[in-house]
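User: Could you take a close look at one part of this protein for me? I am new to reading structures, so please walk me through it step by step.

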Amino acid sequence: MKFLHTTAAVAASFLCCPDLASAGPVKERGLLDPLFEITTLGGMTFKINQVPNKKFYGAKKGRGSMAIARAYSKFGAAIPDDLLSTIQQILEELGLLGNNGGGGSNSTADPQGEVAATPQMFDSEYLCPVEIGTPPQTLNLDFDTGSSDLWVFSSETPTNQVMGQALYNIDQSSTAQLLMGASWAISYGDGSSSNGNVYLDTVSIGGVKVENQAVESASNVSMSFTQRPDTDGLVGLAFSSINTVKPRQQKTFFDNAMTELATPLFTANLRKAEAGNYNFGFIDTTEYTGQISFVDVNTTSGFWQFTSQGFAIGNGAAQSLPHEAIADTGTTLLMLPAEIAAAYYAQVQGAVNDARGAGGYVFPCSATLPDYKATIGSYTAVIPGDFINFAPVDGTSVDDATTCFGGIQATPAGFPFSIYGDIFLKAQFVVFHGGNQQLGFASKPL
């Protein structure tokens with residue numbers, strides 16, 4: 001795999017630093033730590049902003065039901081019949097059931113390989129511009145640390161499965177090469193699937209450019225993606241061990257670029273109701289406060305998996321309840337062990353687990369929600385209560401609804417881990433350190 005030394009910040013010599021290459025159980029580094037004083041060895045720096053996609057259907061009721069169903073589907077859990085019926089009713093009301101067819105940029109002084117992410121309505125997903133092919137074709141893709149495939153809507157996608165998405169036109173890229181004999185397929189818990197052919201092509205994200213990156217072209221997509229016209233595909237940022245290409249797995253964009261980055265990491269600084277960003281190859285010390293606390297990642301399952309030791313609710317005392325979790329930018333909700341979710345909503349007046357009607361915990365939109373605190377190593381992650389009011393249940397917005405859907409929900413029985421999705425991530429500064437196989441967490445201005 002060839003990495004292009006263009007305008008991206010590259011400094012391979014940083015990989016030789018013993019401290020960067022070592023991994024410990026928990027480490028804290030402050031603002032003055034010289035390890036984070038990255039020196040760019042040539043090249044420009046990047047920050048790309050994007051505007052909200054007007055085609056997104058998020059400003060409707062039922063967003064919470066669809067979000068929890070997606071989480072179930074993504075990780076292979078059966079979606080309850082009652083929840084499927086609820087979603088069918090929502091889609092009918094929106095006129096979407098069965099309908100399959102038919103930004104500016106600026107530069108700043110020092111954001112190396114930085115890509116902005118704009119939240120869609122109700123923060124249900126964060127999209128970033130990605131350039132594919134020669135000449136470059138720009139698609140808005142979902143950065144997903146919970147999967148490892150870079151797949152896109154393309155000129156091979158049937159027209160009746162396209163509903164406004166931008167397409168990767170293979171024939172218009174002079175650098176596209178069919179990977180002979182290779183195919184990919186992703187199966188979902190609701191029985192649907194997406195699959196297709198694999199091409200090698202040039203991919204650029206925030207100025208970081210990789211040649212011969214595996215790009216998975218969709219010759220079939222599930223209806224759940226067809227009905228999301230804002231999303232042109234996914235960039236998987238989990239570990240390459242769960243890439244679905246056969247007969248030979250392909251590396252993720254991050255794995256291909258990692259050895260040439262100034263530091264082998266990326267950071268997620270997602271925001272509530274405003275543009276966030278991902279930084280590749282460096283840690284911007286202006287984006288967080290205090291210290292970054294690192295914990296080791298268990299890569300056995302291919303995810304950014306870590307252990308949370310417990311929790312606290314509001315001003316209550318910390319409680320011990322160790323559980324495995326993954327940091328997943330591709331899931332919108334914070335899905336916790338059932339015991340923790342029940343304990344949280346026990347502190348919310350009027351909250352009920354409306355699993356049959358809405359798919360999960362709901363509460364009066366007028367309710368005051370307590371903060372949720374997660375213990376992760378030596379770090380206490382605080383998710384403000386107002387971040388947990390996710391979406392309306394019975395109105396077109398939180399302002400005109402009486403019942404709201406919670407951003408904290410319970411993982412279904414048999415789930416191997418909790419899912420720390422965007423509800424959690426947008427309240428933290430998070431470092432995904434591929435070199436050390438660690439996650440770092442820090443507080444940030446909200």
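Analyst: Happy to! Let's start with H433. Its relative accessibility is 1%, and buried means under 20%, so H433 counts as buried. Keep in mind as we go that this is a predicted model.

Where does this residue sit? H433 belongs to strand β26, which covers residues 429-433. Now follow its side chain. A polar atom there lies 3.3 Å from the backbone nitrogen of G435. The side chain of H433 also reaches the backbone nitrogen of N436, this time at 3.1 Å. When you turn the model, try to find both of these backbone nitrogens, one in G435 and one in N436.

For a second example, go to T202. You will find T202 in strand β9, which spans residues 193-205. Is T202 buried or exposed? With a relative accessible area of 10%, T202 is buried. Leaving aside residues up to four places away in sequence, T202 touches a set of residues that includes E131, I132, G133 and T134. T175 is also touched by T202, as are K209, V210, E211 and N212.

Finally, a word on confidence. The average pLDDT of the protein is 82, and 78% of the residues score at least 70. Over residues 5-54, though, the pLDDT is below 50, and this stretch has 129 contacts in the model beyond near neighbours in sequence. Residues 99-112 also have a pLDDT below 50, with 40 contacts in the model beyond near neighbours in sequence.

Definitions and conventions:
Residues are numbered from 1 along each chain as its sequence is written. This is a predicted model: local features need pLDDT of at least 70, side-chain atom pairs count only at pLDDT 80 or more; totals for chains, interfaces and linings use all residues. Side-chain values use heavy atoms; hydrogens and water are left out. Helices (H or I, at least four residues) and strands (E, at least two) are DSSP runs, numbered from the N terminus. Buried means under 20% relative accessible area, exposed over 50%, partly exposed in between (1.4 Å probe, protein chains only). A polar contact is a pair of N or O atoms within 3.5 Å; within protein, one must be able to donate a hydrogen and the other to accept it, and residues adjacent in sequence count only if both atoms are side-chain atoms. pLDDT is the predictor's confidence in each residue, from 0 to 100. Contact means heavy atoms within 4.5 Å.
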